There are 2 protein chains.
Amino acid sequence: MAEHHVTVEATLELLLEEKKYATLRDILITMNPADIAGVFDGLEESALPLLFRLLPKELAAETFVEMDPDAQELLIQGFSDSELREVLNELYVDDAVDIVEEMPANVVRRILRQADPQMRKEINEILRYPENSAGSIMTTEYVSLLPDMTVDEAILRIRRTGVDKETIYTCYVLDKNRTLIGLVTVKDLLLSQNEDNTIAELMEDNPIAVNTHADQEEVAQALSKYNFLALPVTDAENRMVGIVTFDDAMDVMEDEATEDMEIMGGMTPSDKTYLRSGVFDLFVHRIPWLLLLMVSATFTGMIITGFENKLSRLVVLTAFIPMLMDTGGNSGSQSSVTIIRALSLGELEFSDLPRVIWKEIRTAVICGLTLSTACFGKIMLVDRLLMHNESVSVMVALVVCITMALTVLVAKIVGCSLPMIAKKLGFDPAVMASPFITTIVDALSLLVYFGITNALLL
Amino acid sequence: MAEHHVTVEATLELLLEEKKYATLRDILITMNPADIAGVFDGLEESALPLLFRLLPKELAAETFVEMDPDAQELLIQGFSDSELREVLNELYVDDAVDIVEEMPANVVRRILRQADPQMRKEINEILRYPENSAGSIMTTEYVSLLPDMTVDEAILRIRRTGVDKETIYTCYVLDKNRTLIGLVTVKDLLLSQNEDNTIAELMEDNPIAVNTHADQEEVAQALSKYNFLALPVTDAENRMVGIVTFDDAMDVMEDEATEDMEIMGGMTPSDKTYLRSGVFDLFVHRIPWLLLLMVSATFTGMIITGFENKLSRLVVLTAFIPMLMDTGGNSGSQSSVTIIRALSLGELEFSDLPRVIWKEIRTAVICGLTLSTACFGKIMLVDRLLMHNESVSVMVALVVCITMALTVLVAKIVGCSLPMIAKKLGFDPAVMASPFITTIVDALSLLVYFGITNALLL
């Protein structure tokens, strides 16, 4: 797809140079807003305002929403007040909020000044909800119906008010206090055999809703679980205040998975894409964990130092340290990754901990036995027979293999339980992934190694 | 939510014991199918058929789709032919295909025998597409319109044929050869001011579509990028054959992210959730990488063995091996995780490789300098001043810190380039994550360590 964009960009820039604006416009209006934004983001900044002004009003607003915050800011800076007002009028409230959240304070003030009073009020309302809550990602533009409307009246209402709604396909039935009492889909309305049926007869009762303060991840999971187009958001008094639509849920799912992976990779999560992140951004997100883990690796060093005298008599043991540490780290990270993902998909609860540990213990025993058998064979075959390493005695091989089995066991128990405990304590379980687990397991595996060496070899 | 289910399950089982079927039914019909399935999956197997038969026909089918494959199989085994036919008639084709794919051969034969001829034909067609392709996850049940229909005729057609369609909200305009020429939404139709407008006048031209053989991940990304409810799927001759709806795209996104995380955690990906995976399942998915990585750690061992004589004179160096290896591993895994995610979100192409490497080199230099400065300070302060470890000379500290800076550099270059090269060669980039990178970086960091030791200390 990148190759495709390069060509489109080059074509557009050429047409722009040749001032063939009519042709430019004809090409742009056949394109999807997300694709236009993709092309615009790759263009030279100076070309942007001119090209943007070629777009018809609605397409311009739809494209604007899809662009990079940097390009959005550039455009807003160049907009006249009436141009800004025009774009704002075409935006859905949740998109306007997303833009406001990315802009510097002076641009935000200008946006709020130019937005019409109703939109300004709604933007301010949504901005009040905590970050990553259902309230902060919802839109207030949904279709509401009354229970005593007929099907015909409902369709009429949709026709009259639908143009500004983010979705018209699921309509929410509210009573006089704006309490959510049911929902009805346009499919139900269109396929209804009797036009005089009331909404109350047709609607689905007991609609599933989330509270304004629910976590956005929970909202996305609910939308995905129930296959809903939109999920209603209600306040503490059960009054309906907005909806979250599936496309926002998809973005949340993608962002949350990226965030989990970044944390699991030992980074603090970042909002920017890789290519948009500067070197300093990358540094800032990566250095904290590197420093922390480097310092905590000091303990591993101390354990080795404490054993230094004995180790100098049996240097052969040193050669197996990386293998034992890596196998332990890998075993632990397998368990932690599996558990972290299951937690974030809502498949596990803290109450499952004993069951999880028991499953991991049994898995660790089979993995440990297989690995240490393979390892024993490898040592005998490679180190003794092939490489004639005399210092690798059967006893040394035995110590290494027992350590390996025990390390796998310890690693899997630590790997599965730390994420669950972290979640219970209110931390992000993803923190308990590979880098962290590895550091702990490293120290533990060395303690086991030297303990067994002491018992069997010295 | 689990607590909630436990209560519901207990209540249902109690009511079942007391044979209060009417009450049971009243409770169940207020629930969402996904929630009923969640409760059913936790019930005793013997209770399942009876409870399932209490559900009204449509709710029964919707619940059936959401259940575990094991429970589905159990139910099908107990169904009479006419019961099976009834459930099948209520299913969408893509859901039927999902079920068929999970069932053993004899159950599949029975399902195909009981499905009506049209559905059987469509199931067989979808089954022919390669796994994870757009064709394999699409449904053939969409609304098609002709360009010369009026708005009124189109609405009439939707009313007449819509009941069996997976979505009616986006309708596809086909010419006489079933070539996709445009699309029109129900919103456009309902909000259209003139009922005599033709679909050709109203429709969006140049609809975005994917080929039947496109990867499901690409399909999910397109749906998410364009915020579409459904994406049309066309064959090699550009004829429309089906649609993929947003809810299936959400499942794909979730599955693909889970799969990436599993591979990045050093496991072969699994279809089963954690709690449904047996100990042997877990073993099978985890042991291959553990064995492979254990064996490849042999090289690290060999490097140490080759240096054994010199190491025995300078045992103090051993104490820093874990810290150097861990820091290298963590640095490399930060880069690889970032790049793997960017690749799977379509943000990077192979042509970006030089730019990526250059960015990683600069990041590595700043990270490396920061880390080695911190490390030098730590060694001087902790090891020399606090712990009075005489063998840790300034020269030793220098060797360790230079190694650290170089290891970070090497780790970041390896970590960012291997996933991109893997993708170019047609492998899954996620394989090039932490466990694999760690093993390579371990060996490289030891080579650097001993090389610098040789040059500066011996």
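In this predicted model, the two copies meet through the same surface, because 98% of the interface residues of chain B are also interface residues in chain A. Chain B is superposed on chain A by a rotation of 180° with 0.0 Å of shift along its axis, at an RMSD of 0.1 Å. The copies are therefore related as by a two-fold rotation axis. In chain B, Ser312(B) has the C-alpha nearest the axis, 2.8 Å from it.

Val316(A) sits in the loop between helix H18 (308-313) and helix H19 (321-344) of chain A. Is Val316(A) buried or exposed? Its relative accessibility is 4%, so Val316(A) counts as buried, the cut-off being under 20%. Leaving out residues up to four places away in sequence, Val316(A) touches Ser391(A) and Val392(A), and also Glu308(B). By contrast, 48 Å separates the C-alpha atoms of Val316(A) and Asp271(A), which are 45 residues apart along the chain.

Next come two helices of chain A, H21 and H22.

| Helix | Residues | Some of the contact residues |
|---|---|---|
| H21(A) | 394-424 | including Met395(A), Val399(A) and Leu418(A) |
| H22(A) | 434-456 | including Phe436(A), Ile437(A) and Leu456(A) |

The axes of H21(A) and H22(A) come within 9 Å and cross at roughly 145°. This crossing is right-handed. Sorted by class, the contact of H21(A) with H22(A) has 18 nonpolar residues, five polar residues and no charged ones. Among the residues that make the contact are Thr403(A) and Gly415(A) of H21(A), and Ser445(A) and Thr453(A) of H22(A).

Note on methods
Residues are numbered from 1 along each chain as its sequence is written. Chains are lettered from A and ligands numbered from 1 in the order in which they are written. This is a predicted model: local features need pLDDT of at least 70, side-chain atom pairs count only at pLDDT 80 or more; totals for chains, interfaces and linings use all residues. Side-chain values use heavy atoms; hydrogens and water are left out. Axes are lines fitted to C-alpha atoms, for helices over the stretch in contact, and angles run from 0 to 180 degrees between N-to-C directions. Helices (H or I, at least four residues) and strands (E, at least two) are DSSP runs, numbered from the N terminus. A crossing is left-handed if the near helix is turned anticlockwise from the far one by less than a right angle, and right-handed if clockwise. Contact means heavy atoms within 4.5 Å. Ala, Val, Leu, Ile, Met, Phe, Trp, Tyr, Cys and Pro count as nonpolar, Asp, Glu, Lys and Arg as charged, and the others, Gly among them, as polar. Copies are superposed by least squares on the C-alpha atoms of residues with pLDDT of at least 70 in both. Buried means under 20% relative accessible area, exposed over 50%, partly exposed in between (1.4 Å probe, protein chains only).
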